[in-house]
Amino acid sequence: MAQSKKRAPSLWLTYTYEKPGDILMQDVLVPSSGLAKCTYYCCLNWNISREGGGYCGIQDHPEGRAFIFSIWDPQQVKDIPITAVTKGLGTWTERFGGEGTGLKSMNFELGWKEGQWYTLVVRRWDASGGQATRFGCWVHDQQEDTWTHLITMEYPVPRVYFEGVTASFLEDWGFTSEHYRCVHYRGGFKRQVDKTWTPFSKAEFKVNMYDVSNGTATTNFEAKKCSDPTEGVCIAAGGTVQGDQDTCCVFEDPAQDCRPPKKPVKLKKVETKDGVLNWVVEKGSTPQFGFRVKLADQELCCGQGEFITETRLASCVQSNEEGNGTVVVEVEDILGNCDQQSCELSRS
């Protein structure tokens, strides 16, 4: 009887910070030596076997280098689909099957480069009058210092938060264990519902694949905490690697920052003309998520889930009885940082 081909394992870093949260983020880098087709370098996997489960990351796909974001179908609602509310430039969606069913989005146009760090951010918020939950995904190219909104999906179940463990993994879905592949992770964070940040300073490492021929755990893997803290944790599989790492161990990084080291949103300019308000967010700052406009302590308008990163318009501004007043614009970025600026509104 012919023996089945040995396959590279799926390697997991599991972060057991289980309190409910509304924001997840982490950095990912693939070195040139770690490239291999049909590899999923998953950055964040949340709500595993729970309502609102999903994952996002980058793939070395046969058709190119893709960013991917997927959510599994609801467990308690069967007749209402997940929908793509907003798609970033180059992002497309389709249904997926296999290991469960759900909605998948992919973006090949944005692309990613080996040897370069990217940050993926996922945020949830209530939508449709509290009857649904939206999940948005953004990517930060650290070298170019640019942010891109990839996708926002509406999930037809209310008040779904990030609960249970969060994980990252390296997966060889093409079963090509003859090819070496590796990935680096660092800078993981979860924001809890009380708006406090918890860094992923501890990760449990596990192997979740087995030798097809006899069901025993393979040694064709390696995991290590890099001596240079800026390189994070590296996991690798396939090729000739023969790591001596235990299949269940813990990596700790107690020195990690207590807040994400990202440039907060910053208003560059606020101005009005003929009752229309315009504001510009500084390039490179974390993208705007929400805004609030006030005139004479009266809230005129507000919004949430606004994804254009540099400019805004609000046509709802009206002058007071004297025809003028001080307009205050407050913006919130996707990580919850806020900035505000005021200007004088006047009409002839």
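Analyst: What follows covers a sheet and a cavity. The model is predicted, so to speak of local features a pLDDT of at least 70 is needed, side-chain atom pairs count only at pLDDT 80 or more, and totals for chains, interfaces and linings use all residues. Residues are numbered from 1 along each chain as its sequence is written, and side-chain values use heavy atoms, with hydrogens and water left out.

User: What is the order of the strands in the open sheet?

Analyst: The nine strands run β7-β8-β5-β4-β3-β12-β1-β15-β18, with antiparallel pairing. Strands are DSSP runs (E, at least two residues), numbered from the N terminus, and two of them pair if DSSP finds at least two bridges between them.

User: Which are the edge strands?

Analyst: β7 (91-96) and β18 (248-252), each pairing on one side only.

User: How many bridges join β15 to β18?

Analyst: Five, between β18 and β15 (residues 202-207). Ala-203 has Phe-251 in β18 as its bridge partner.

User: New topic. What lines the largest cavity?

Analyst: Phe-67, Ile-68, Phe-69, Thr-91, Ser-105, Met-106, Asn-107 and Leu-150. A cavity is a set of points on a 1 Å grid over the protein atoms alone where a 1.4 Å probe fits but cannot get out, and lining residues have an atom within 4 Å of a point.

Methods
Helix = DSSP H or I, 4+ residues; strand = E, 2+ residues; numbered from the N terminus. 1 Å grid on protein atoms, 1.4 Å probe; cavity = no way out; pocket = protein on both sides within 12 Å on 5 of 7 lines; lining within 4 Å.
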